[in-house]
Amino acid sequence: MQPKSPPNPGRRKFLIGATSAVGAVGIAGAAVPFISAFNPSAAAEAAGAPAVADISKLAPGEMIIVEWRGTPIYVVKHSEESINEIDKNLERLADPNSDTEVQPSYAKNKYRSRKPGISVLSAVCTHLGCAPKYYPQLGVVDFDSEWQGGFFCPCHGSKFDLAGRVYAGVPAPDNLTVPPHYFKSDDVLIIGEDGDLA
Amino acid sequence: MVTRIMNWFDDRLPLTATIERHLTKYPAPINMNIWYLAGVLLVVVLVIQLASGIWLLMNYEATAEGAFASIQYIMRDVEYGYIIRYMHTTGASAFFALIYLHMFRGMMYGSYQKPRELLWVLGWLTYVLLCALGFTGYVLPWGQMSFWAAQVILSLVGSIPVFGEELLTWIRGDYLISGITLNRLFAFHVVLLPLALIAVVFVHILALHEVGSNNPDGVDVKKFKDEDGVPLDTKPFFPYDVMHDLYAIGVFLIFFVTIMFFYPDGGGYVIEYVNYEAADNLKTPEHIVPSWYYTPFYAMLRAVTFPLFGLSAKFLGFVVMAAGIAIFVALPWLDRSPVKSIKYKGIYSKFFLALFVVSFFVLGYLGSVTSTPGRTLAAQIFTVTYFAYFFLMPFYSKYEKCKPVPDRVSLS
């Protein structure tokens, strides 16, 4: 036997619609804490204090690794030779003029550094976040026959020059990021703050 | 007495009916061959993983500070802890080896074709869940490879245009891979994903028993039935199949325990050596290699080195890799062949299936070694041939000449 149709179909329809709408709002509201709990917690947000590095002992051609916000920052002091030859591989670079904004304005120059001769680079490959390896030597290396010194990512073979500029034809899309930094004195580098921008 | 107990249950639960439907009266085709063992063995491995996983959980500590040490504790101090852990790591590799065989069986005999499309989709879903389980589980020991695998794989999300970076931070719960990330992957690995996997496997088996098993000839065994309505070319699943499955399980376990006892590292493939080093967020290992069961897709990721249509190479690589896994789900609708089994399909289907297998293995190799320009080119070529199997299927499966399919199964 067919059940009798309800006496007020319009009213039924309205009630079903209204109940569903209120139910949907309730579910959306209940989803808020579940989605928000995935965001970085207050403690995680607070953990981003600037890092201080002593660069007085850094010799030309050497690199030190400084930890800032849990990621490695490479601080490289370039040798005289590499400063002079920084533009030798220009035609092989994807963004030689640093047009993509992955550096503060004070590092948008040929050396991508605030102070010529000292590069401060985030060692997070712009491809998938591995730490590229430092290969300062010039000439023939495993992965390149005309290497001008720089960084090579072991994960997927991305190449960067000593200023952190990415080569064309590698998986990484952008130059290495230059984190905000300033030199408190000749020997003390602060990473994580822009300092005096004048 | 037994009858009375069964009657008591049957009045309250469809016990006898369920046993008959799924065991004693489930008609299994008589020509099922060795390829049909993978499904049963997958269920065995699922049980092994659940048991060993629960026992590992009793001693594992899901914190960035304690995770690595707790694995060492399990390996050295917990009685038989090393066996439990090796059981779980060997089980993970066995899981993937078997599901690849199981999927290949389906591709070979057209088991995804009508009326088994939904069965195939559910099976594909278990594969995706397994991939997620493999990844999340891999991170838990918090070794070097755990950490950097998490870094690389989660960074893929960051390549999504516009909101990728925000999404990545939301998923990590931090601005870098940290203990917070570890904790949530842990929750997924031990609760969410296994629950989902068990549920989908259950529905997968229900769907199988609704449409019935395919067979190497791809013929419909339900076409010819005896006077009781039982398909002629079938036998009851219990006891006939269960008995020979038990034998196969025995043989499988011999291989399984041989690896577990004597070669738990599997030559660096089951457990990667780099992961014996604790996670170091400042130092990437020399060679980042995923577990062997992901290497074909990893090779695809690396093969995309050029931007296209204004999208970055990184994002496109992610898309290609995801497509490599996702494309399987489309098979029922890509195959236009009038026949199911490769036995009766034409020469093109055979060629492309062989090409697919070759591509899969070559990509698997390329994904496990470091990249050079030559290898990148090879990966690009074999990525194309891998997808050719799928994307050209609507054409070659439709226009090729098939052999006539017999009415009844053949036992040759």
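Mentor: Let's start with domains, whose bounds come from an automatic or database domain assignment. On that basis, chain A is divided into domain 1 (1-39) and domain 2 (50-191). Taken over C-alpha atoms, the centres of these two domains of chain A are 57 Å apart. By the way, this is a predicted model, where local features need pLDDT of at least 70, side-chain atom pairs count only at pLDDT 80 or more, and totals for chains, interfaces and linings use all residues. Residues are numbered from 1 along each chain as its sequence is written, while chains are lettered from A and ligands numbered from 1 in the order in which they are written.

Trainee: What makes residues of chain B count as in contact with chain A?

Mentor: Two residues are in contact if their C-beta atoms, placed from the backbone, lie within 7 Å. By that rule, 28 residues of chain B are in contact with 25 residues of chain A. Helices H7 (144-158), H8 (164-172) and H12 (313-326) of chain B each supply at least two residues of that side. H7(B) gives the largest share, 5 residues.

Trainee: And which partners does Val152(B) touch, leaving aside its neighbours within four places in sequence?

Mentor: Val152(B) is in contact with Leu128(A), Gly129(A), Cys130(A), Cys155(A) and Ile288(B). Val152(B) also belongs to the largest nonpolar core, which has 99 residues, and is among those that touch the most other members.

Trainee: What makes a set of residues a nonpolar core?

Mentor: The members are buried Ala, Val, Leu, Ile, Met, Phe, Trp, Tyr and Cys residues joined through C-beta atoms within 7 Å. Buried means that 20 or more other C-beta atoms lie within 10 Å of the residue's own. H7(B) brings the largest share of this core, 9 residues.

Trainee: Why are E2(A) and E3(A) called paired strands?

Mentor: Strands (E, at least two residues) and helices (H or I, at least four) are DSSP runs, numbered from the N terminus. Two strands pair if DSSP finds at least two bridges between them. Strand E2 (residues 63-68) and strand E3 (residues 71-77) of chain A are joined by 6 bridges, so they pair, and they run antiparallel. Val66(A) has Ile73(A) as its bridge partner in E3(A). The two strands form a hairpin with 2 residues between them, and Arg69(A) in the turn has a positive phi of about 50 degrees.

Note on methods: A residue is buried if 20 or more other C-beta atoms lie within 10 Å of its own, exposed if 12 or fewer, and partly exposed in between; C-beta atoms are placed from the backbone.
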